[in-house]
Amino acid sequence: MEKVGPFAKSSATYVSLGLNVLPVVRYTKKPAIAFHRFTQRKIEKGELKEMLNAFGDYNVGIITGMVSKIAVVDIDGPEGKVIEDKLPKTFSVKTNRGSHYYYRISEPLRSSIRVFPFVDVKGEG
């Protein structure tokens with residue numbers, strides 16, 4: 001039986017945009033697979049198909065850093081929202097605790113915790 005959920009519905013679109021994805025356990029931030037290898041190389045079609053078959057009903061995580069050429073500004077809670085107006089316009093999504101702002105990068109950017117109160121940057125590492 002095919003598993004249909006966020007991972008099944010949107011992972012192929014994200015991969016077509018050059019992003020590496022991974023299944024994430026619903027209502028958590030916990031990856032459903034060991035994913036370190038996918039921080040260094042692109043996911044192959046066969047690997048994505050295997051993930052879709054096993055984890056189609058899971059949520060989608062996007063692997064940040066140079067493999068996806070993406071960095072994310074992660075804002076949590078109303079305390080972090082004070083910087084939202086200062087960020088350059090970009091694609092963003094609402095999360096359970098705040099927002100994620102996605103930016104294309106052309107060179108490595110290290111992840112940084114608490115660059116401002118309740119604001120993290122997700123890149124390499």
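**View 1. Surroundings of G80 in the predicted model.** Leaving aside neighbours within four places in sequence, G80 is in contact (heavy atoms within 4.5 Å) with I75, P117, F118 and V119. The model is predicted, so local features need pLDDT of at least 70 and side-chain atom pairs count only at pLDDT 80 or more, while totals for chains, interfaces and linings use all residues. Residues are numbered from 1 along each chain as its sequence is written, and side-chain values use heavy atoms, with hydrogens and water left out. G80 lies in helix α3, residues 77-80; helices (H or I, at least four residues) and strands (E, at least two) are DSSP runs numbered from the N terminus. With a relative accessible area of 1%, G80 is buried; buried means under 20% relative accessible area, exposed over 50% and partly exposed in between, for a 1.4 Å probe and protein chains only. The C-alpha atoms of G80 and D120 are 9.4 Å apart in space, and the two residues are 40 residues apart in sequence.

**View 2. The loop residue F118.** F118 is found in the loop between β6 (112-116) and β7 (119-122). Its phi is positive, about 65°, although F118 is not a glycine. The relative accessible area of F118 is 41%, which means partly exposed. Contacts of F118 include G80 and D74.

**View 3. D74 and its polar partner.** D74 is found in strand β3, residues 70-76, and counts as buried at 3% relative accessibility. The side chains of D74 and H100 make a polar contact at 3.4 Å. A polar contact is a pair of N or O atoms within 3.5 Å; within protein, one must be able to donate a hydrogen and the other to accept it, and residues adjacent in sequence count only if both atoms are side-chain atoms. Apart from neighbours within four places in sequence, D74 is in contact with K29, S99, H100, F118, V119, D120 and K122.

**View 4. N20 in strand β1.** N20 lies in strand β1, which covers residues 20-24. The relative accessible area of N20 is 2%, so N20 is buried. Its side chain reaches the backbone nitrogen of I43 at 3.2 Å. I43 is also among the residues in contact with N20 once neighbours within four places are left aside; the others are F38, R41, K42, G61, I62, I63, V67 and S68.

**View 5. Y27, a loop residue with positive phi.** Y27 is found in the loop between β1 and α2. Y27 is not a glycine, yet has a positive phi of about 65°. At 75% relative accessibility, Y27 counts as exposed.

**View 6. Packing of helices α1 and α2.** Helix α1 (residues 6-16) and helix α2 (residues 45-55) pack at an angle of about 160°, with axes 10 Å apart. This makes α1 roughly antiparallel to α2. Axes are lines fitted to C-alpha atoms, for helices over the stretch in contact, and angles run from 0 to 180 degrees between N-to-C directions. Angles under 35 degrees count as roughly parallel, over 145 as roughly antiparallel, 65 to 115 as roughly perpendicular and the rest as oblique. On the α1 side the contact is made by F7, A8, S11, A12 and V15, and on the α2 side by L48, M51, L52 and F55.

**View 7. F55 of helix α2.** F55 is found in helix α2 and counts as buried at 17% relative accessibility. Not counting residues up to four places away in sequence, F55 touches F7, P23, A32 and I33.
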